[in-house]
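Okay, thanks for coming, everyone. Let me put the model up and then walk through some charged pairs.

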Amino acid sequence: MLRAILSSPINFLLIAAPISWAIAVWAPASPWVFLTAAISLIPLAGLIGLGTEELARRSGPAWGGFLNATFGNAAELIIAVVALRSGHVELVKASITGSIIGNLLLVLGLSFFVGGLGRRTQKFHRTAATNTSAMLFLGVVALVMPAVFDLSLYGTLNARPPGIERLSLWSAIILIVAYGGSLIYAFTAHRDLFRSTHEGAHDPPSFTTTAAVVLLATGTLLTTVQAELLVRTMEPALVQFGFTELFVGVIVIALIGNAAEHYSAVTAARRDEMTLAVEISVGSSAQIALLVAPALVLYSFAIGRPMTLLFNAFEITAIALSVLATSIVVTDGESNWVEGLQLLSVYLILALAFYFVPAASVPS
């Protein structure tokens, strides 16, 4: 197990975890606590993914897909749950937005760009990609309708009528049922369309089942600890670095929560395994939109801090444009480095827009 952990260069960033604890003891108000905690979450997300993959290899294709669907975005879910408990609802919404657009534009764009260097074109499974894009469109509908409801009836996104909460709650249930239907399809058809494995399914296991469970549990526990530290020290970091909560959620938290998957997708693309790279990036976005976000809505109602699916105009536009751009480039089942550059350009433009949005101008 130790050899498997040390084989990934990202895991050397685990040293940031004890550093964050030391800084938290000696200078609890320092913005460097936030920075080091954020860095430590990058390899921890990878450890959760590694433990999940080892269990998935022993479970067959159907249960393997289920395990990856359940734990594929565990780091993002843990960070969001901690933030919800602390009352940072808008931060959670921003991180959902960032995870979707980051996977669709940044990860897929980097995969197309890096994989396409030195090659004329690359091919991938078009049916799997278009099916996942269709599921993403369902997520866009669920995010757009609360805003349309508010704007058409009240002329503003700040009305917050009781109907918005009920619409969000029932939409979340529908999205989870729809995602469950996709898993049933994967079980019956033996096609893990939403599987986000980092290596081939036929690779031999690296360590025992017990070691995989221990790794998964340890990674989850440490991720929870670091997420608590990250959220608790966010305020001084915002002041020090000049970031808004919207930018931190959309860009920073989304990047650190998905860093391990980013690395795996780009590595797969460089090996010319484009079907795997597309499944990692687009499939992870589908998990966020149809499983993680609805689960967070249900959790928020359970703890008495209702989070609706009413996102601000910037977030809705960014998600819709990302899904549209992805749908355009995956329809032909081929990719090249120019398409990757175009997706990366869209992501950078959106990131700049989120950076320059003043905190006071975004409806809360």
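This is a predicted model: local features need pLDDT of at least 70, side-chain atom pairs count only at pLDDT 80 or more; totals for chains, interfaces and linings use all residues.

Residues are numbered from 1 along each chain as its sequence is written, and side-chain values use heavy atoms, with hydrogens and water left out.

E334 pairs up with K123 in a salt bridge, closest N and O atoms 2.4 Å apart (the criterion is a side-chain nitrogen of Lys or Arg within 4 Å of a carboxyl oxygen of Asp or Glu). K123 sits in strand β1 (residues 122-123) and E334 in strand β2 (residues 334-335), so this pair ties together parts 211 residues apart in sequence. Helices (H or I, at least four residues) and strands (E, at least two) are DSSP runs, numbered from the N terminus. K123 itself is exposed, at 56%.

The whole-structure search gives four salt bridges. Another one is R85 with E228, at 2.3 Å between the closest N and O atoms. That pair also links distant parts of the chain, R85 in helix α5 (residues 74-85) and E228 in helix α9 (residues 209-232), 143 residues apart.

Then there's E90 with K93, at 3.9 Å. They're three residues apart in helix α6 (residues 89-116), so about one helical turn separates them. Buried or exposed, what is K93? Buried, at 2% relative accessibility, while E90 is partly exposed at 25%.

Note on methods: Buried means under 20% relative accessible area, exposed over 50%, partly exposed in between (1.4 Å probe, protein chains only).
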